[in-house]
Amino acid sequence: MNIDSWIQWFQSAVAFGTVIMFGCCGEILTEKSGNLNLGIPGTMYMGGIASLAGAFFYENACAKAGITPNPLLCILVAFLCAFAAGAFGGLIYSFLTTTLRANQNVTGLTLTIFGAGLANFFGGSLNKLAGGVGQISISATSDAFRTTLPFATTWGSIGRLLFSYGFLAYFAVAVAVVMAIFLKRSHAGLNLRAVGENPATADAAGINVTKYKYLATCIGCGIAGLGGLYYVVDYTKGTWANDGTIETLGWLAVALVIFTTWKPLNAIWGSYLFGMLYWMYLYTELFGFTLSRSSQPIFKMLPYIATMLVLILTSIRKKRENQPPANLGLPYFREER
Amino acid sequence: MEQSSAIRLENVTKTFGSVVANKDICLDIKRGEILSLLGENGSGKTTLMNMLSGIYFPDSGKIYAYGQEVSIRSPKDAFDLHIGMIHQHFKLVDIFTAAENVILGNSNDKKENLRTATARIREICDKYGFDVDPNQKVYNMSVSQKQTLEIVKVLYHGAEVLILDEPTAVLTLQETEKLFKVLRNMKEAGKAIVIITHKLNEVLDISDRVSILRHGEYIGTVNTKDATDLSLTEMMVGKKVSLDIARPVVEKKKPLLEIRDLTIRNDEGNVAIDNVNFYIRGGEILGVAGIAGCGQKELCEAIAGLRKIENGKMIHQGEDISAMSPKQITEKGISMSFIPEDRLGMGLAPSLSITDNMLLKTYSEGKSPFVDRKRGRNEAEKIIEDLDVVTPSTETPVRRLSGGNVQKVLLGREIKSGPNVIITAYPVRGLDINSSYLIYDILNQQKQNDVGILFIGEDLDVMLSLCDKIMVLCHGKVMGIVNAENTSKEELGLMMTGAINLMEARTTDEKKPGIAKDSNIKEGNHE
């Protein structure tokens with residue numbers, strides 16, 4: 001009984017963690033270029049609604065033609081839509097902040113509002129097309145994404161703990177690992193970090209600062225868009241609700257970036273830890289007490305408190321490697337003195 | 001020996017809005033030669049060189065590299081033409097190692113990695129006699145190490161033309177000599193070198209030819225062996241000037257500010273000022289010499305009441321100021337002006353106008369709830385007139401003024417409040433000859449008004465002729481307090497690096513250095 005609760009808790013933490021791991025990794029890549037993109041929640045919204053729309057129209061077309069949707073195509077359509085929509089958000093952000101040198105904070109916050117509005121508008125429209133509020137469902141796509149490895153059910157606790165997730169959960173871990181290697185070991189990663197630390201230096205070294213900023217931001221936002229995809233197809237199992245949960249998760253992803261001290265590998269365990277903390281209010285029985293409904297939100301704050309603790313700890317230790325990129329949030333203009 | 005031209009500029013012009021930074025400049029940079037570029041602040045030296053390094057693009061004119069006309073549109077182009085520039089503000093990423101900084105950028109060599117780069121850096125270091133650890137993080141390096149790394153970086157990428165923008169501004173005498181040795185080595189190796197510096201003795205020492213700019217215009221080029229410091233200054237300023245710094249003799253007064261056993265920690269919690277004793281009399285300029293970052297900043301902040309002191313006393317006219325707030329200390333007549341490396345960081349609010357910056361010091365004196373802008377404007381006008389500040393109006397944001405004028409405004413405001421002790425750190429940092437001398441005059445005037453002055457400086461020549469006494473700091477410890485007339489540059493330099501410690505040599509004396517005979521501190525209350 002107790003073991004079951006622990007496993008359930010961990011499973012929901014992984015589902016939760018995967019969403020914010022995508023958001024967090026995307027934002028780390030973006031911030032490494034010196035762009036502080038507070039539009040991550042909006043980008044995740046855009047990724048989510050785009051994947052939903054793509055999958056919905058594909059499944060509808062299949063239904064009209066009278067064929068069963070191909071699971072691989074379902075995955076491909078939803079995946080590409082989410083990534084493209086996210087990257088589009090990044091493109092808007094890059095154009096405003098890098099080319100027009102608009103204020104990054106304001107641009108990011110606006111992008112969040114824009115993304116949320118856009119997604120909820122089309123979410124409502126899609127629901128209407130599907131026949132009414134809460135009617136939309138992309139079951140074929142959702143099933144395809146949630147297909148687990150065959151031994152998830154036969155390997156007992158280990159199987160449930162480690163193998164009971166759709167492929168995106170593992171993909172998120174792979175993204176974090178690849179990104180860590182890219183940033184630490186590759187030449188392009190070194191150049192990217194230089195852009196975020198000191199763009200004038202990077203520029204003088206012959207690095208195309210604008211190109212790096214655009215690419216890092218667009219790819220980063222594309223990855224964050226995958227967080228929205230996972231939310232729609234797996235977390236909510238292919239439905240749409242205008243309840244603002246994506247936004248909550250998006251802000252947690254941004255907080256997680258600080259928690260990880262800008263290191264993608266920390267995002268792997270950090271996101272699961274955030275998931276455990278977030279869902280803790282449902283599992284307090286494991287610690288011998290139950291919560292009333294009204295005291296649950298206090299426990300939902302735990303991830304934020306953890307982030308604050310990390311902020312305090314890193315600022316006390318003052319280790320240079322744990323600080324944000326030095327030029328984070330600042331525009332770069334070569335001729336400025 | 002016939003030297004071939006490396007870079008040639010023809011009628012190069014660059015404007016920023018309505019300001020002409022460079023007008024019809026012609027310049028010839030030859031291989032195997034060191035060319036000095038001389039000019040006052042704002043004469044366009046850095047702008048001109050930035051056009052060679054691809055930061056700016058000229059409005060008109062032609063640039064030839066190795067005999068061919070070229071167009072340098074970005075730092076990458078300059079890079080490909082083997083032009084390397086060492087900027088005044090180092091272009092280094094602090095959290096990277098030396099080797100990582102060197103391989104930054106898009107290498108044409110596909111096989112390049114950190115290991116091959118490290119080996120090549122070692123090779124270059126051996127060849128020219130540099131001391132750089134490829135695996136050291138830049139934030140752990142001293143200023144001179146960073147500069148060495150910049151030179152290694154430029155050489156690593158195979159630069160044939162090397163441009164150095166005020167490389168000696170942050171170096172000690174010994175470090176400068178080491179740099180010059182390296183530059184001469186490179187000259188022998190056939191590289192073309194351009195050096196920008198304000199220090200005439202260095203120009204005469206290192207360069208083969210000198211090109212002079214004035215107000216963005218090209219004045220001329222002379223062979224260094226035919227030039228003297230006077231003739232160069234004349235070309236630079238456009239009129240005859242005297243290069244002597246006066247040291248008026250003023251009757252000694254009782255000590256104004258006395259510092260006893262002072263210990264201060266820096267932001268990192270390390271000891272920045274270690275058990276320091278000194279005093280300043282009225283009508284005296286006490287110089288403080290030391291390598292950058294030897295506790296000068298912490299000392300200034302402590303005296304101004306901005307930093308907590310760990311131990312010791314600060315006595316002003318017999319009154320303990322150690323526990324006072326910055327405002328109380330200012331009211332006692334102690335003024336502090338610190339010019340940090342970026343020259344705007346402390347003392348003035350860059351986006352506010354001159355008037356508003358005046359008001360920052362006096363806002364609390366008015367009785368009305370509204371700010372008395374008229375008075376501030378009058379004060380601003382007076383400073384502009386007295387100190388010859390070049391500005392479009394009193395309402396111009398301080399940020400838009402040139403460095404020298406910013407410093408005049410800061411010092412002017414501090415002096416206007418009628419202090420009896422002036423703490424001034426690097427007041428001529430980055431200023432040209434004319435402005436520097438104006439600042440020295442201001443300080444001397446104050447000295448003659450019996451003000452005690454603590455002058456934290458970097459140019460030893462200036463300190464030797466301006467200050468009455470010089471205190472030398474090394475890693476927060478006093479190495480000695482010497483009479484400016486009885487010491488030499490070499491001795492000061494050795495004290496700065498800690499090679500000579502006069503304090504140790506003098507422990508048997510009856511009089512401890514740094515403690516006045518006629519001290520205001522009674523022995524009874526001195527633990």
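This is a predicted model: local features need pLDDT of at least 70, side-chain atom pairs count only at pLDDT 80 or more; totals for chains, interfaces and linings use all residues.
Modeller: Two strands count as paired if DSSP finds at least two bridges between them.

Biologist: How many bridges join S14(B) to S15(B)?

Modeller: Strand S14 (residues 311-316) and S15 of chain B are joined by 2 bridges, and they run antiparallel. B:His316 has B:Glu319 in S15(B) as its bridge partner.

Biologist: In what order do the 4 strands of the open sheet stand?

Modeller: The order is S12-S11-S14-S15 in chain B, with antiparallel pairing. Strand S12 (271-281) and strand S15 (319-320) of chain B each have a single partner strand, so one side of each is left without a neighbour in the sheet.

Biologist: Which strands does helix H9 of chain B lie across?

Modeller: Helix H9 (residues 296-303) of chain B lies across S11 (255-265), S12 and S14 of that chain. The angle between H9(B) and S11(B) is about 120°.

Biologist: Next, the cores. Which residues have the most contacts inside the largest nonpolar core?

Modeller: In soluble globular proteins, nonpolar side chains tend to be buried together. Here the largest nonpolar core has 161 residues, and A:Ile20, A:Cys25, A:Ala78 and A:Leu256 have the most contacts inside it. Helix H10 (residues 209-235) of chain A gives the most to this core, 15 residues. A second, separate core has 55 residues, among them B:Ala289, B:Leu466, B:Leu473 and B:Met495.

Biologist: What does A:Ala78 touch?

Modeller: Leaving out residues up to four places away in sequence, A:Ala78 touches A:Ser51, A:Gly54, A:Ala55, A:Thr141, A:Leu229 and A:Val233.

Biologist: Is A:Gly250 buried or exposed?

Modeller: The cut-off for buried is 20 or more other C-beta atoms within 10 Å. A:Gly250 has 30 of them, so it is buried. A:Gly250 sits in helix H11 (residues 245-259) of chain A. Apart from neighbours within four places in sequence, A:Gly250 is in contact with A:Gly23, A:Ile40, A:Pro41 and A:Met44. A:Gly250 and A:Phe114 are 136 residues apart in sequence and 14 Å apart in space, C-alpha to C-alpha.

Biologist: Why is helix H1 of chain B largely enclosed by the rest of the structure?

Modeller: In helix H1 (residues 45-52) of chain B, 8 of the 8 residues are buried, so the helix is largely enclosed. Among these buried residues are B:Lys45, B:Asn50 and B:Leu52. After H1(B) comes B:Gly54, with a positive phi near 85°.

Biologist: Which value does phi take at A:Trp262, which is not a glycine?

Modeller: Phi of A:Trp262 is positive, about 60°. A:Trp262 lies in the loop between H11 and helix H12 (264-279) of chain A. With 22 C-beta neighbours inside 10 Å, A:Trp262 counts as buried. B:His82, also not a glycine, has a positive phi near 65°. The loop that holds B:His82 runs between helix H2 (75-80) and strand S6 (83-86) of chain B. B:His82 is partly exposed, with 18 other C-beta atoms within 10 Å.

Biologist: How many residues does the contact take from chain A and from chain B?

Modeller: The contact takes 18 residues from chain A and 15 from chain B. On the side of chain A that touches chain B, helix H8 (187-197) and helix H9 (199-204) of chain A each supply at least two residues. H9(A) has the largest share of that side, 5 residues. By class, that side of chain A has 8 nonpolar, 4 polar and 6 charged residues.

Conventions:
Residues are numbered from 1 along each chain as its sequence is written. Chains are lettered from A and ligands numbered from 1 in the order in which they are written. A nonpolar core is a set of buried Ala, Val, Leu, Ile, Met, Phe, Trp, Tyr and Cys residues joined through C-beta atoms within 7 Å. A residue is buried if 20 or more other C-beta atoms lie within 10 Å of its own, exposed if 12 or fewer, and partly exposed in between; C-beta atoms are placed from the backbone. Two residues are in contact if their C-beta atoms, placed from the backbone, lie within 7 Å. Ala, Val, Leu, Ile, Met, Phe, Trp, Tyr, Cys and Pro count as nonpolar, Asp, Glu, Lys and Arg as charged, and the others, Gly among them, as polar. Axes are lines fitted to C-alpha atoms, for helices over the stretch in contact, and angles run from 0 to 180 degrees between N-to-C directions.
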